[in-house]
6 protein chains.
Amino acid sequence: MVDVGGKPVTERRAVARAVVRMSPETAAAVASGDAPKGDVLGTARIAGIQAAKRTADLIPLCHPLPLSFVDVQADLSDGRVVLTAEARTSAQTGVEMEAMTAAAVAALTV
Amino acid sequence: MVDVGGKPVTERRAVARAVVRMSPETAAAVASGDAPKGDVLGTARIAGIQAAKRTADLIPLCHPLPLSFVDVQADLSDGRVVLTAEARTSAQTGVEMEAMTAAAVAALTV
Amino acid sequence: MVDVGGKPVTERRAVARAVVRMSPETAAAVASGDAPKGDVLGTARIAGIQAAKRTADLIPLCHPLPLSFVDVQADLSDGRVVLTAEARTSAQTGVEMEAMTAAAVAALTV
Amino acid sequence: MVDVGGKPVTERRAVARAVVRMSPETAAAVASGDAPKGDVLGTARIAGIQAAKRTADLIPLCHPLPLSFVDVQADLSDGRVVLTAEARTSAQTGVEMEAMTAAAVAALTV
Amino acid sequence: MVDVGGKPVTERRAVARAVVRMSPETAAAVASGDAPKGDVLGTARIAGIQAAKRTADLIPLCHPLPLSFVDVQADLSDGRVVLTAEARTSAQTGVEMEAMTAAAVAALTV
Amino acid sequence: MVDVGGKPVTERRAVARAVVRMSPETAAAVASGDAPKGDVLGTARIAGIQAAKRTADLIPLCHPLPLSFVDVQADLSDGRVVLTAEARTSAQTGVEMEAMTAAAVAALTV
């Protein structure tokens, strides 16, 4: 793990995006909230937020960070779900991995 | 998740309470440390403390917080177990959910 | 922990319920999906399902169980949110604690 | 969550693949085990295996499954890291999500 | 991870022991339940049981196992705390690591 | 849990060591990276780092701490594996338990 002890605490913000392609039929079911597993986009959003908070637990060399904000937007357009994750913190290292982890897990959930 | 990045870091403290009602026979067994599962109140106390530290993992929109203190008192009186959880931190948001989660999980453990 | 090694594997099912009372204003915001934190009932449902899967991690003397089904229904009526959790498994011990943990964490999330 | 209680226990196996593209310089550092964070491919492999075991914790509607085997291969060729994850179980539902989660987290680790 | 898919399910049992040496003063405080952190042996016992259930999460190449029984005994004698952990399961692989992890974490807790 | 709220935030650093003895044959297999489970020392290193980040989850009365650095060195000499774990933070309490947990889990992994 990189030692970040000597770095200043600064405001950090990262945004990551994942895209899930699907058949028109699946996209229609997701759009109508009619998929067999219920509200797919809402579930993906929560899964992504939770995953961001577990980033240091998943990625061995990541530092545990306090997060002042995490959100995942899940949008369906043109038969694709676009998951946009944003993470913010005041810390000695960045939140790129947190945003990428949130987007990836939200995409897996879809 | 609410963005707390712009809020000042202040001292926070929260106390929550849960009550478990039981039959007089069960209460007597708990009181004598004689329940089939051993020291019920001690186990509940540890479970509650551990749960407080996992609050952000359990409650999707909670922020991960450093905790400077958590404790759970478990008292038996009048055939009821009263679980009183207290959490403290210096952070940008409060520890109400941490105290409530500790009290709830301690009560489930009883 | 009770040794369940000698017990037969049977079908198990448990249902637990938690009720959250709130002011009429809060209930109206929850009903319209208009609360500051978004879709409260959907988030509570996911949090409860996830908590059921972590029961053995939260409650010290619970056995880890494979779960064949978990669900949490969140219904708003008369200004109260009623959370009904159900868990099922084929195992050597019951899923009462899984259902109760799901209902409790879903209620905390609300 | 889909109720799988009525399904037979069968042998299940799934393979998933993720690809990480990188600059020739980064690829050379990874190949020589000379990257600033050490043995990148070995770390990714362990992170993927661990993530497979946490799939039900990450993906809200996944069932917890016993896994009889998980592995992640990490190969570098043509300046790309290819992560191939395999999971196996005897269970009532498949391990596709376990393999995909392992591949995705291994890729994030790279 | 070794593939255990082809192995038969059999009864498994393992016992592990850890010893913590301490000064006579510390031992006396532990014996009287008077240590600054309260009931040291009871807390160690719970920590060990919880750790056994998390073995596959801590040790990368361990299989996740259902456990039918875990217990940790903590005994103080001759100024030493002896932690004896036992784990049992019906599975395709053994519970040696579960017992060793329980004993080690119980010892760390002391 | 001890209340550390009133203590100043200072730089903290701890080092812990664990030793695993083994037969000359096992040591030779570890040395050549030829053990049945692959790169034993690399896997132990990652397991130890991950365990340090989970210390507060494993040891009931430990405070959750941000860590600015964790590393585990695994060295084989004279037929023994020596695991040296180091943890650093800026916090209100020390990282002794984090270093000891990292060394212990790395040793269990070996």
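Contact here means that heavy atoms of two residues come within 4.5 Å of each other, and by that rule no contact joins chain B and chain D in this predicted model, their closest C-alpha atoms lying 10 Å apart.

**View 1. Two pairs of chains that do not touch.** Chain B and chain D have no contact with each other, and the closest C-alpha atoms of the two chains are 10 Å apart. Chain A and chain E are likewise without any contact, and their closest C-alpha atoms also lie 10 Å apart. The cut-off for a contact is 4.5 Å between heavy atoms.

**View 2. The interface between chain A and chain D.** In this interface, 18 residues of chain A are in contact with 18 residues of chain D. The area buried between the two chains is about 1700 Å², and carbon and sulfur atoms give 76% of this area. Two residue pairs in polar contact, both residues at pLDDT 80 or more, are counted between chain A and chain D. On the side of chain A that touches chain D, the elements that give two or more residues are helix 2 (40–53), helix 3 (55–58) and helix 4 (96–109) of chain A. Helix 4 of chain A gives the largest share of that side, namely seven residues. Sorted by class, the residues on this side of chain A are 12 nonpolar, three polar and three charged.

**View 3. Salt bridges between chain A and chain D.** Side chains of opposite charge can pair when their charged atoms come close. Over all chains, a search of the whole structure finds 36 salt bridges, and the count between chain A and chain D is two. In one of them, D:R54 pairs with A:D57, and the closest N and O atoms are 3.4 Å apart. A salt bridge also joins the side chains of A:R54 and D:D57, with an N to O distance of 3.4 Å. A:R54 lies in the loop between helix 2 and helix 3 of chain A, whereas D:D57 lies in helix 3 (residues 55–58) of chain D, so this pair joins two chains.

**View 4. The contact of chain C with chain A.** Here four residues of chain C are in contact with four residues of chain A, and the area buried between the two chains is about 400 Å², of which carbon and sulfur atoms give 46%. Of the area that chain C buries against chain A, C:T43, C:I46 and C:R54 supply 70%, which is more than any other three residues. The side of chain C that touches chain A has one nonpolar, one polar and two charged residues.

**View 5. Helix 2 against helix 4 within chain A.** The axes of helix 2 and helix 4 of chain A come within 7 Å and cross at roughly 145°, and the crossing is right-handed. Among the residues that make the contact are A:A44, A:A47 and A:G48 of helix 2, together with A:T101, A:A102 and A:V105 of helix 4. By class, this contact has seven nonpolar, four polar and one charged residues.

**View 6. Helix 2 against helix 4 within chain B.** In chain B, helix 2 (residues 40–53) and helix 4 (residues 96–109) pack at an angle of about 145°, with their axes 7 Å apart. Helix 2 of chain B passes helix 4 of chain B in a right-handed crossing. The residues that meet include B:T43, B:A51 and B:A52 in helix 2 and B:E98, B:A106 and B:T109 in helix 4.

How values were computed:
Residues numbered from 1 in each chain as written. Chains lettered and ligands numbered in written order. Heavy atoms only, no water. Buried area = accessible area lost by both parts, 1.4 Å probe. Salt bridge = Lys/Arg side-chain N within 4 Å of Asp/Glu carboxyl O. Polar contact = N/O pair within 3.5 Å; in protein donor to acceptor, adjacent residues only side chain to side chain. Helix = DSSP H or I, 4+ residues; strand = E, 2+ residues; numbered from the N terminus. Nonpolar A, V, L, I, M, F, W, Y, C, P; charged D, E, K, R; others polar. Axes fitted to C-alpha atoms, helices over the stretch in contact; angles between N-to-C directions. Left-handed = near helix turned anticlockwise from the far one by under 90°.
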